[in-house]
Every structure is written in structure tokens, then in C-alpha cells.
Amino acid sequence: MTMSASLVAVENLSIGRSPSQPIVHDLSFAVRAGEVLGIIGESGSGKTLTAYSIAGLLPAGLKTLSGRIQVEGRVLGELHADERRALAGNRIGMIFQDPLSSFNPVRTIGSLLIESGMRHRGLSRGAARHQAIAALAAVRLPDAATTIDAYPHQLSGGQRQRAMIALARFNDPALLIADEPTTALDATVQLQILALLKGSLASSALILISHDLRVAASMCDRILVMHRGRCVEQGDAQQILQTPQHAYTQRLIAAVETLTEGSVPAREAVEA
Amino acid sequence: MTGTAVLEVRDVSVTFATNERVVQAARNCSFELQAGEVLALVGESGSGKSTLARVIAGIVTPTRGNVYFRSHDLQRTSGSAGRALRQRIQMVFQDPDSSLNPWHTIRSILTEPLIVRSYGDRTTMQRRVEELLGLVQLDASVLGKRANELSGGQKQRVAIARALAMEPEVLIADEPLSSLDVATAASIALLLRDLKERLGIAMLFISHDLATVRRFATRVAVMFAGEIVETGPCSILDAPAHPYTRLLLASTLTATKRTLDLRLVDEIDALAAVPHIEGACHYRSRCIQRIEICSREAKLAPVASLSGHLARCHLCQSSPD
């Protein structure tokens, strides 16, 4: 793949507090327009930090130690803070695991959408509100004209995640990043949310962070497997799921088979 | 009640009242649990699974109905006799971070239940603590550590060992795998199965993941809106009778499923709202097959094909009463 064809290009990225203790180590990958890349691994493997660094959302104290991140050909490290904010606001949409804790509880769903449209697209308040209602209807929230004035706690978990998706894709971003978007949801709601994400892909690429291989299997074109801050394997999703090369990936797949179907692997196979 | 059931839940209903409304968390739920079997309770959040678990564990008092442990009515047995019975029913919770005190050492977490049941002198208790660790495949080196120094999987093993300290005949596991990584979840699932087989414990396994239930449970009870809507041996999942069980199965992802089949979910989304009718089938508002008769109460009744298979649906009951 040529660099110019990729929407996101991450080269030799290391993240951490200090160079002596990188949490994410020498990671390289690319995401093409319209593609779904799954980053899978267990908690603490660095998958969330990697995705957050692309959106410029690294927690305080953590920084990019080396390497570079390009989004639509622009190198993040070379941008001014306001340019980075504009890039994150316009071109990247974030979907977090638990929308109850990522929405501001004292702001209505609509006020967030309206602010985003006014700030990043220069819409008037009236136009932004009009578009916000359309965006909530597009994620199939019932009665969008009323829901726009609802507070997060007034919605169910599935509805909040729909509202989060509406907000993430409101400015028509080139990239969506979804961090465990269905982990907190029931199976039937999970299916609807995954379908909604899939339906958003005509215009956006998606980085899907998940610990659940089953979610990755149903959604991803390519998969990157992380373990202890390093990429242990990446490539075509089907190829990785069917013929995993790295011992860690093999163990993950064996664990899913243990929990669901197929033969029980030897105990050694599932215990790290 | 049959002689072999360790636990019987009979017509249990639980009603919670808040200032705004009254919630029926469980409605007329009945089931039995035999030694050495795993009964899975499945259903969406709010369907009443955890409420039933808490009734059995004695944390919640049922509004109506009874729980029998070895034929003793737990609601009518109080004092030291009641405590002795309840000790044989133990519970493992979803999140070991909130069920273990992070500042207590593993030694004190595991010794405390032994003190409660006056297990013996210090040496005897120490030996038992080591045995318990062995049962959950933990090394004695964790004894001096505090709970917050352990990994999620290790903590869940400690929580299981603490439950085993009471030598339970019934172990209630409330989403014991949900907060764990897949590899850890798989090893905890294997551990629970191993313990059930070695110790002959009857297990109530609460889960929202039908794929895991299918793999580890012997029987299943599917809950919706506080009711058991379908129950039977796990093989009923190959030919589910209740439309809600079919929806749950259609929503279950597998590692080999490449496509999301939304037909059922879309059809349900497209359903027109129906007026609430007192006593009507609770699933009616979401049922794509609903007909006239569904505005009457559906009873849990045998499904013809398989013995022990019951469903609460007018449509799959062979002979109308």
C-alpha cells in the first residue's frame, strides 16, 4: 500500500511517560479510506492509547515518544494545538465504551451536536439544530425532535450509544474511532449498534477497538493484534482468524473457542 | 419437590417500589437445581436474572414465593439454623474489584469466612486456606498480597476460593466472566466447570452470552421482563420455541459469523406499539408473531418435542387449554 492511499499512517509509534518505559512500542499501521481496522488485545495491551493518540486524546502525562502519525497526509506532531483540535473535530469522530460517563450529564444531547456544528462547520444555531435533529433521526432514535432536548440519563444505554454515534459522525469525519462501543450493551442492542456503525462506513473509515474477537470477526476488514504494547500480528481479518501465525493470537482464538464452540483446547493453550 | 433437588425456587416474585413507580423485577419464577448441574439464567439487563440470584443468596427478600434449600424453606428458617443453611449457598459476583476489599490481604480475605464458621485453630485454618488456593489454581505466594495487587483473573479466583471456604452446595455465579479478558474468561469458565465436577456443586450461572451458556451449562432458563419465558436442557437452543429466545440466538455473534443478520431486529423495530393490556403476554410488544390470543396471559407450558422443554408462548403450545 502506498502512503498516499492511506487515511491514517502510523509509523514506528511509541507512547509512554518516559522513553525508558514505553507503553506502546514501535507500532506501525495504516488505515485506508472506507476500511475497518480492528485493534484487538486484552486490557492494558495499549490498544486504546494507540487509537487515542490519533485523535490527540492522550491522557495527561503520556506523550508520543517517537514515531509519527499522519492523518490525511498531515503530520500530527507538526500541527499547532488549534489545528490539531480542528482536525480532531472535523475529520475524526470518537465513540466511547460508556456513553453515560463520556457525555456531560448536565448538557442535553442536542447542545453537544449544535456546538459541534457551529464550531467546526460554522453553522448558525438554527441550521445546526435542524441538522442535529436529522442526525438523531438517522441513527434511528425515536422522536428525534424531542430527543434532541433530552439529557443523557433520560436515554437507555442503546439510545445513548446511538446519540454518541450521531455526534461522532455529525461533521462527516473521514475516520471514526470506536472504543469497545458495544461492551456495555445487551446482545440485541449490540447487533443494532454494530449495524449502525457498518452503515456509517460509506463515507468514513473505522478503527474498532475491541477485546472481543467475535465483534472483530463480524466487522473488520483487517485486524491488528496487540499484546503488551506491541503489535504481534496484523493483516487480513479472515486470514488472521483462520490461520493465526503468532502464538498469542492463537491463544486468543483458542480462548474464544473454549468459551463458545468447537473442541476444548488443552488447558495450557488458554492460560497465559 | 423431587428428592434430589438441592435448591428449589417456587413462585418467587419480587416487587421494588420507588417514589415514581413500582417495578416487578421477578414474576412467579420457579425452577429446581440438582447437584452437579449448571443452570444458566440468560436474558437482557433488567430481565430479573440478578434479582433471582439475590433472592436465593438471601440478599433480597421475595415479595411472594419461597426458596427451599434441601427442602428447608429459607424464608421460615431463622437464627443459627437459617445461617447454617444459607452458608451452603455462596455467590461470586461480576466484578471482583467491588466484591473484594482492595486493601485486605488474600490471607485475611480467605481466613475470614473460616473464622465465621469456627473452622478450627490457626494451623487448621492456614492449611485450609492453602487448600482453597489450590482449588482455584493459585500459588501460595499471593497470600501476603493485597487484592489490588492481583490481576482481574486472579481476583476472580480469590472470590471463588472465598465462596468455596463455606463448602457450598450451591454456587451462584452472577456474570463471573463479563469483566474479564477473553483468555482469562476462558480459564475461569474451565475452573468453574472443573469445580462443579470435582465438588459436585450445583451452579446457577448468570450470563447474557448464549454462546458461553451453550458451552458450559446443562440447562437453561431464558428470562424476559421478570419471567422465565423458556427453559429446558441446553439442546433447546438448537430448536428454540419462544420468539425471544430466537431473537437472542440471532443476536449472538460467533468467531465465524461474518455478516450481521439484522432482519429479525429490523422487523421488531418496525412493529407498531400495542396498548398495554393487564395480564397479556409481556413479550407481545416486541413479538413479530403476535396474534389475537397474545392479549391473554401466556403460561409456561410443555413444548411437545422434548421432555423438560417449557415455553411461555401461545404459539408453540400444542394443545390450547
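Does B:T259 count as buried or exposed, and at what relative accessibility? Select B:T259: with 56% relative accessibility, this residue counts as exposed (over 50% relative accessible area; buried is under 20%, partly exposed in between, with a 1.4 Å probe and protein chains only). B:T259 sits in the loop between α9 (243-251) and α10 (263-269) of chain B; helices are DSSP runs of H or I with at least four residues, numbered from the N terminus.

The model is predicted: local features need pLDDT of at least 70 and side-chain atom pairs pLDDT 80 or more, while totals for chains, interfaces and linings use all residues. Residues are numbered from 1 along each chain as its sequence is written, chains are lettered from A and ligands numbered from 1 in the order written, and side-chain values use heavy atoms, without hydrogens and water.

Next, select α6 (residues 152-164) and α7 (residues 182-199) of chain B, whose axes come within 10 Å and cross at roughly 20° (lines fitted to C-alpha atoms over the stretch in contact, with angles from 0 to 180 degrees between N-to-C directions). Therefore α6(B) is roughly parallel to α7(B), a class for angles under 35 degrees. Contact (heavy atoms within 4.5 Å) involves, among others, B:I160 of α6(B) and B:L191 of α7(B).

Finally, display the largest nonpolar core, of 122 residues: buried Ala, Val, Leu, Ile, Met, Phe, Trp, Tyr and Cys joined through side-chain atoms within 4.5 Å. α7(B) gives the most to this core, with 10 residues.

Terms used
Helix = DSSP H or I, 4+ residues; strand = E, 2+ residues; numbered from the N terminus. Parallel < 35°, antiparallel > 145°, perpendicular 65-115°, else oblique.
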